[in-house]
Amino acid sequence: MKILVIGATGHIGAVVVSTLESRGHEVLRASRGSEWTVDATDPTSVRSLFERVGEVDAVVVASGSVPFAHLTELTCDDYLTAFTSKALSQINIARTALDHVRDGGSITVTTGVLAREPIPTGAAAAMANGALESWIVTAAAEAPRGIRINAVSPNVLENSPGSHALFAGQRPVPDAEVGRAYTLAVEGLVRGRVITA
């Protein structure tokens, strides 16, 4: 399959690329600093990327950043940043991808454990992840031409030890488990699912 991975240079994106390439797929790596350049938060940049890439079998989005701060310190702008960067940008990519993914292909967005498990300073991230997870339920039901839409929701990654202290009591997940979740989303038959890792 020809698969476009947006956010390919981040921790999760790198795992996705490595996993899908090891399974024999042609992976197009897109990010601000990759061969296929894109600003995932800019709809014009996203459209340009898809015009250059052409038709693909699948799209995986593993991008977005959110501010972390105590609930009493988060501002309206912080929430807007989280929603715009993590949720709205991925929704816009998925909307654009619908015109470029082959019949029966797939689109996978990335959420995270904070949609279901709280951590200190994680309210903005939880809001963005939860919005994406709610969106895929209806988006998957309405997707045309048999295109499947799913979300992968990983826990904190083993390969990100600098983040482990924030996720007290959570089980850091190895790359292989994260890769398995994305493989299911891309190659499996599921649709409208939040696949946890």
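A residue counts as buried when its relative accessible area is under 20%, as exposed when that area is over 50%, and as partly exposed in between, using a 1.4 Å probe and protein chains only. The model is predicted, so local features need pLDDT of at least 70, side-chain atom pairs count only at pLDDT 80 or more, and totals for chains, interfaces and linings use all residues. Residues are numbered from 1 along each chain as its sequence is written, and side-chain values use heavy atoms, with hydrogens and water left out.

Start with the strands. Helices (H or I, at least four residues) and strands (E, at least two) are DSSP runs, numbered from the N terminus. Two strands pair if DSSP finds at least two bridges between them. Strand S1 (2–6) runs parallel to S2, and five bridges join them. Leu4 stands opposite Leu28 of S2. Strand S2 (26–31) also pairs with S3, again in the parallel sense, over two bridges. Here Ser31 has Thr37 of S3 as its bridge partner.

S1, helix H1 (residues 11–22) and S2 form a right-handed β-α-β unit. Right-handed means that, with the strands pointing away from the viewer, the path from the first strand over the helix to the second runs clockwise.

Next comes helix H2 (residues 43–53). At its start, a side-chain oxygen of Asp42 comes to within 3.0 Å of the backbone nitrogen of Thr44. Which residues of H2 are buried? They are Ser45, Val46, Leu49, Phe50 and Val53. These residues cover an arc of only 135° around the axis, so they lie on the same side of H2. The arc is that of the directions from the helix axis to the C-beta atoms. The buried residues pack against strands S1, S2, S3 (36–37) and S4 (56–61), and against helix H3 (76–97). Contact means heavy atoms within 4.5 Å. After H2 comes Gly54, with a positive phi near 80°.

Glycine is not alone in this. Most residues other than glycine have a negative phi. Thr121 is not a glycine, yet its phi is positive, about 75°. Thr121 sits in the loop between strand S5 (101–110) and helix H4 (123–142). Is Thr121 buried or partly exposed? Thr121 is partly exposed, with a relative accessible area of 24%.

Arg145 is another case. Its phi is positive, near 55°, and Arg145 is a residue other than glycine. Arg145 lies in the loop between H4 and strand S6 (148–153). Arg145 is partly exposed, with a relative accessible area of 37%.

Conventions: A polar contact is a pair of N or O atoms within 3.5 Å; within protein, one must be able to donate a hydrogen and the other to accept it, and residues adjacent in sequence count only if both atoms are side-chain atoms.
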